[in-house]
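Thanks for coming. I will go through one structure today, starting with a sheet, then a helix pair, then the aromatic rings.

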Amino acid sequence: MTNPIAFDDIARLPVPDDNIAIATRRLEAGTQIQHGDDVLTLSHTVLLGHRFAIQPIAVGESLTSWGQTFGIAIKPIAPGDYVCNDTVLTELNRRSLSIELPAEANFKNDLEHYQFNEATFQPAPALALFDEMRTFMGYQRPGGRGVGTRNTIILLGTTSLTSGFVRQLEARFKDISQTYPNVDGVVAIAHTEGGHGRPNNEDMMLRTLAGFAVHPNVAAVLIVDRGDEAVNNETLLNYIRAHDYPLDAVPHHLMSLTHAFADDISTAEAVVKGWLPEANSLERTPQPLSALKIALQCGGSDAFSGVSGNPLASWVAKQVIQYGGAANLAETDELIGAETYVLDKVRDAATAKKFLGMIDRFKERVAWHGQTADGNPSGGNKYRGLYNIYLKSLGAATKRHPDVRLDYAIDYSEPMQASGFYFMDSPGNDLESIAGQVASGCNMIFFVTGNGSITNFPFVPTVKIITTSERFELLSNDMDINAGEYLDGKPLDELGAEMLDYTVDVASGMLSVGEKAGHSQVQLWRDWPQTHPVELKPLQMVEASGQPIAINTDITVPDVSIPVYDNHGVTATDQVGLILPTSLCSGQIARMCAELLNKNNLLANSGLSRFVTLVHTEGCGGSITDEFRSTLLGYLGHPFARHTLLLEHGCESTHNDFFRQAMIARGYNPADFGWASIQLDGGIQTVIHKMVDWFSEQIEDDPVPRKTEAGLEAVRLALITCDTAPEASAAAFADLTRMIVAAGGTVVINEQDPLLKTVFAQQIALPSGTHPSLSYAQTIKQPGFHLMAMPTRDWGEMLTGLGASGVEVILGYSEGQPMPGHPMIPMLQASGRNNDEDITLTDDALANTENLLDLLVETLAQRYVPKVVQSGNVYFQVTRGLLGVSL
């Protein structure tokens, strides 16, 4: 008989009195474990990071970890029993696992609400400061801005509508550090907010942008708007002045896009070039560690985040605080259930009550959208042992060292004015939370990850701390610190001292691993649609009939010739290789791979025009809506997509297995697609090589697609306008629509489009009150005229929904500046003004129709490239619908 395995060789207890243990490796069903005087026999296979009981637990009794309750037993639990709730069983059943799982859960999540007792509250004393000061090499900024760890020029897009512009401007300065070695980069701050109407998150948005503009890591800032947004440069400047942000201490320039895209780029480029010599002349000088402000973050957490990674980060943060610096803990919903620990040491009762008020406010806001904080743990969290929000919160809370008191509770992006330990209100979404911490003044980010999150921020260095040696070995090229050494026996004090040295080196200019990788992302706390309790059912997405709407097609159909490909039985006017990120965190790696593929020789004789990726902000740290699922499935089946690969980060809710199941339900065969995982495939470079190899194999095995000629029946057109088109222009859009539909083609327009309030509706004979034939992003199954339901007025979200339906060209109309285009589908722009659009329309409706038709055919035949495609000014964003909210 095999001897039992010693408990300490295969499991950990966060605190000795816990009744539930964490497996430090996979343990098979029937494994015997020596725990003290007892021998436990495992009831089921226990995966790495999952939990089993070490004591008998009766129905109604608590399951504990870190000395706190995380669940209540609903069945008798014996020592050795694998413990699980409904949500983790659902997640494991979704995965392709070859193990027998329990038939049902043995604990539930329902816990009592934390109650603060002010009568018994005792304020905690502050930590004693060190007598001797340690220094790092940083940039002392004027105007009270603090000390920078980097020296970066930022290109700040005020709203989503200038995101494409600042990204293209950034590309002009890609290798600037080679010429100006003291400039750490010229980086775009492109985000998704403020693009249409006055947002509910306006105050947060302005506070964040203001914080970015005066951040100590910023050498100069160019602030860019279109001028016609509800949130624009003037709004931002007024906010900055009203709240005393020291913008005058920062070289800055405010610019509105008013000319042709190329002319505006040249103007902006000249402004930035003018700053470079001065920025390069700045030098690092010795600065006290009291100038460090640490953002404490975790993402892709696992069961060991609260055992190794977070305690290590808190050890170093404590040191920084004792040198007179500051640390910032965030992610409100990831502290629900850990209130007892967070408030164990607090400066005063007012701070404790403010913290609890923020939690209550967060719960209320997500409840307006039919969500609860229980929805926060991602699929990756659950797969790696964080069964519910309570376990995730208990582990996350250990980023506060037990000796450190909570000094302040601040709003999202609110500036940190003093030293000490802060809590900042934010969602659990990593990138949204980090943006707030940076805007509050953090000049260093500690990012703890169990799965191996690879995200970075553009102008503040990120130190990646991974929780286990096993994962560090898998992802060693993408991680900075191996906290798994603590689990392996290295003393925390020794490991912490090494990490503090590393932190000082990075603060002094040594590149972190993430900075060397050369990718980063920004995401602000996204707007939320509901502002009070509402009836939820009418706001939920409902799939429409898909039946085309009858319109007036009594019109002569012109004879045109359009080259089309045969994409496995579907005609298409273009063929691309598509990399589809399953969540926001894999988007930048997908972009890097697409750029690499477009530079090599794979396109030659492949039949593909290019490789494309569709970078978005969803799939992690937000409610998973039907709109999101429908959108990505729509692009997976798009006629353009000849070879498509899905790229997961590895710890998101919408991982590869999530999409495999969704694809099967849609009728797709997952074997027809490629699959890659940044985390499971071994990191950034390894997964990029895997993706390149997959596309190479597909192209080699696939004959060059056959091309034939077709007429207007092959056209799939989307119409979109942001201004009311004059009568002659609207009439031309109507005649073009009638021609295409009469020929057997397809035209789609969204239900809220201003064009429907013009003569367009009368000329196509659209009955008043017609209901949408397509829900948002619903795939077109039958040609004809379609109205699409549109739960958003954001330009990029409208383009994204229309594109997902399968349209192959978009025709837009704007009286002002040309709008951003779509990254995969060509967009033509018409206007009554001669202002950098593809076609200028006149008062002659007949001539307009002829000219639009000619331009449409030339574009579909790939003989004309729309100006917005030439410029690279594109915008892709998935809507969250009417019930989506950050978690």
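**Strands, helices and rings**

Strand β10 (residues 135-141) is joined to β11 by three bridges, and the two run antiparallel. Strands here are DSSP runs of E with at least two residues, helices are runs of H or I with at least four, and both are numbered from the N terminus. Two strands count as paired if DSSP finds at least two bridges between them.

Before going on: this is a predicted model, where local features need pLDDT of at least 70, side-chain atom pairs count only at pLDDT 80 or more, and totals for chains, interfaces and linings use all residues. Residues are numbered from 1 along each chain as its sequence is written, and side-chain values use heavy atoms, with hydrogens and water left out.

Back to the strands. R141 stands opposite G146 in β11. The open sheet has three strands in the order β11-β10-β16, with antiparallel pairing. At its edges stand β11 (146-148) and β16 (285-288); each has a single partner strand, so one side of each is left without a neighbour in the sheet.

Next, the helices. How do α3 and α7 pack? Helix α3 (residues 163-171) meets helix α7 (residues 261-281) at an angle of about 55°, with the axes 10 Å apart. The axes are lines fitted to C-alpha atoms, for helices over the stretch in contact, and angles run from 0 to 180 degrees between N-to-C directions. That angle makes α3 oblique to α7; under 35 degrees would be roughly parallel, over 145 roughly antiparallel, 65 to 115 roughly perpendicular, and the rest is oblique.

Now the rings. The structure holds 22 aromatic pairs. Rings of Phe, Tyr and Trp (its six-membered ring) pair if their centres lie within 6.5 Å; planes under 30 degrees apart are stacked, over 60 edge-to-face, and the rest tilted. One of the pairs is Y635 with F876, edge-to-face, at 5.4 Å centre to centre and 65° between the planes. This pair links distant parts of the chain: Y635 is in helix α19 (residues 626-636), F876 is in the segment after α26 (867-871), and they are 241 residues apart.

Finally, ring pairs link F362, Y412, W525 and W528 into a cluster.
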